[in-house]
Amino acid sequence: MRWRPGFVTIVLLAYAACRLVSAAILVSVGASQEPTGWTGPEVTYLWEVNQWDAQWYRQIMDTGYPSTLPVDAAGTVQQNAWAFYPLYPFLAKALVAVTSADPVLVTSTLSLVLGAAAAVLLAAVLRRRIGPVSALLVVVVWASMPASPVLQVAYSESLAMVLLAGFLLAVETRRWLGAAALALLTGVARPIAAP
């Protein structure tokens with residue numbers, strides 16, 4: 001008997017293929033990055049997926065939010081962790097506590113897994129409306145768009161997408177309490193809940 005992959009398996013394989021391509025791009029870009037004080041002696045894949053905004057999420061994981069807003073001599077508020085929503089770093093911190101794994105590995109893996117869940121939920125929402133082939137194609141376009149590497153970077157985009165797709169599925173299936181809960185969670189994940 002031959003194995004026939006189901007729809008979810010095909011969606012996950014397509015998502016994984018897109019993540020492998022973007023991982024190759026990140027590694028290629030990292031190979032041409034000159035080491036600096038920010039990078040250390042070597043630019044690795046894990047370094048790349050844990051930079052920029054990921055450092056703010058890591059600060060929230062490690063020390064929480066500042067108790068007062070940092071200001072310069074003129075009283076202008078400076079960059080700080082309050083610009084970043086709490087759900088992603090709190091989930092990552094909980095996973096680190098449960099697994100005792102390296103936070104650098106946990107955060108990027110969390111984003112990768114949440115992105116896979118988002119792909120499945122997005123496909124489920126679309127399949128009901130446009131059919132399985134078109135739903136799969138939309139997921140591939142979404143998972144391969146130029147900004148898609150953030151789906152494996154320690155950012156909250158994957159979390160927001162899984163919450164949004166779950167919300168849409170709950171609304172479509174008239175699961176109002178689930179939709180309300182997902183809307184509230186979205187409000188502490190990314191600035192997209194109000195719209």
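Helices (H or I, at least four residues) and strands (E, at least two) are DSSP runs, numbered from the N terminus. With that in hand, welcome to this chain: read along the sequence, its pattern is α-α-α-α-α-α-α-α, with eight helices and zero strands. This is a predicted model, where local features need pLDDT of at least 70 and side-chain atom pairs count only at pLDDT 80 or more, while totals for chains, interfaces and linings use all residues. Residues are numbered from 1 along each chain as its sequence is written, and side-chain values use heavy atoms, leaving out hydrogens and water.

**The whole chain**

- The C-alpha trace spans about 65 × 45 × 30 Å along its principal axes.
- Of the 195 residues, 37% count as buried (under 20% relative accessible area, 1.4 Å probe, protein chains only).
- Among contacts (heavy atoms within 4.5 Å) between residues at least 6 apart in sequence, 62% join residues at least 24 apart.

**Helices H7 and H8**

- The axes (lines fitted to C-alpha atoms over the stretch in contact, with angles from 0 to 180 degrees between N-to-C directions) of H7 (residues 157-172) and H8 (residues 176-187) come within 8 Å and cross at roughly 160 degrees.
- H7 and H8 are therefore roughly antiparallel to each other (angles over 145 degrees count as such).
- Residues of H7 including Leu163, Phe167 and Val171 meet residues of H8, among them Trp176, Leu182 and Leu185.

Notes: Parallel < 35°, antiparallel > 145°, perpendicular 65-115°, else oblique. Buried < 20%, exposed > 50% of the residue type's maximum accessible area, 1.4 Å probe, protein only.
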